[in-house]
Amino acid sequence: MNKVLVLGAGQLARMMDLAGTPLNLDVKAFDVRSNKVVHPLANEHTYGDLQTGIDNCDVITAEFEHIAHDVLAVCEASGKLLPSSDAIKIGGDRRLEKALLESCQVANAKHKIIDSRADFDAAIADLQLPIIFKSALEGYDGKGQWRLKSMDQAAAIWADMQDFVEQANTSVPQGIIAEQMVPFEREVSIVGARSRNGEIAVYPITENHHTNGVLSVSLAVASTNALQEQALEVFTKLTEKLDYVGVLAIEFFQVGEQLLVNEIAPRVHNSGHWTQQGSDCCQFENHLRATLGLPLGNTELIRPTAMINILGEDSVPEQVLSIPGVAMHWYNKSKRAGRKMGHINVCANSEQQLAEKLQLLASILEPNAFEDLQDFADRFQARLG
Ligand code: AMP
């Protein structure tokens, strides 16, 4: 039996375990808060400290990128960590991420690193308003971001960012990146796997919708070959440069027919959760296969699928389960406002049928909890004509 230790004990480790069990894989998770190795489905079952976990596994991987560097160093020293600590760190630091994109000559939003007030003023002159400022570290789901739309906001934003950087309690210095606001038509992502022998398999690009900066709906339907090829090309360049092993996600802004990279996640990703029902081999299984050196599974879209995030709610009406092609995925987490608690995958035989099911779901689910779902369903329906 192959044994995998996942750094992080959240829903992504949980879903890796659920995907790995039929392959007879043993998945354990390292909970960075308690410093204990735990069962991914039942955190109360513990299996010792990090070193014990490292000694008792074949492969170590990660479910998130904000992992203490000393933990990464110990794991890397064991020779079992995949992807590498360098790849994981790039996902956790926008400065490293931008440097990677530049070194691979991959298109992304025009940006500047801000170390001083002079840099801040130069960025405003160079990038032109509106500008989005992002913290280099620990920024995700729209946190640690400031939007400068007019010059009368500049002094307050500068003061706020300075406080933020000074108060940071990070192992490497916190910093700020200024980025030109991209007038995108839509946000898409590509999720794919690269295995130990360099084999690459990517899923079809996914269209992503955010509500208050957090992913709310992902849509996996047929896309144009040109966009898919562009995304694959970026995926191949970045993963080959990093000699990456495992699943990696790349988020893009689509402007016309061009894709600009927004950010990369060196792990399984929320925008790939649809693969649990919309493909033969989901991202969690492919991540395990890639890191263990097993052949990768089929990544084709087998039916139009949408994923709806459940944020801050611990129940939905039972009627949801009566809709054919709906699969519920709860994470067994305690309820907290805005927290990712689970997701709903909904599959259909055609895009039209998917639109109808989304309309039905929007009518059943509580509109306050699924704020944009009705709007999304209406826009999808209108697009199909
Ligand atoms: P991020 O944490 O970088 O993914 O940003 C969260 C969200 O803010 C993105 O999903 C976009 O909707 C928006 N956003 C971030 N960067 C930009 C940008 N340069 N231009 C326009 N919108 C952006």
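This is a predicted model: local features need pLDDT of at least 70, side-chain atom pairs count only at pLDDT 80 or more; totals for chains, interfaces and linings use all residues.
Residues are numbered from 1 along each chain as its sequence is written, and side-chain values use heavy atoms, with hydrogens and water left out.

Now for the polar contacts (N or O atoms within 3.5 Å of each other). A ligand nitrogen sits 2.8 Å from a side-chain N or O atom of Glu-179. Ligand oxygens turn up 3.0 Å from a polar side-chain atom of Glu-263 and 3.1 Å from a side-chain N or O atom of Arg-147. The protein covers 94% of the 470 Å² of accessible area that the ligand has on its own (Shrake-Rupley method, 1.4 Å probe).

Next, the aromatic pairs (ring centres within 6.5 Å; planes under 30 degrees apart are stacked, over 60 edge-to-face, the rest tilted). There are six. Phe-184 and Phe-253 are stacked, 5.0 Å centre to centre with 10° between the planes. Phe-184 is partly exposed at 36% relative accessibility, while Phe-253 is buried at 8% (buried is under 20%, exposed over 50%, partly exposed in between; 1.4 Å probe, protein chains only). Phe-376 and Phe-380 also stack, with centres 6.3 Å apart and planes at 10°, and both are buried.

Technical notes
A polar contact is a pair of N or O atoms within 3.5 Å; within protein, one must be able to donate a hydrogen and the other to accept it, and residues adjacent in sequence count only if both atoms are side-chain atoms.
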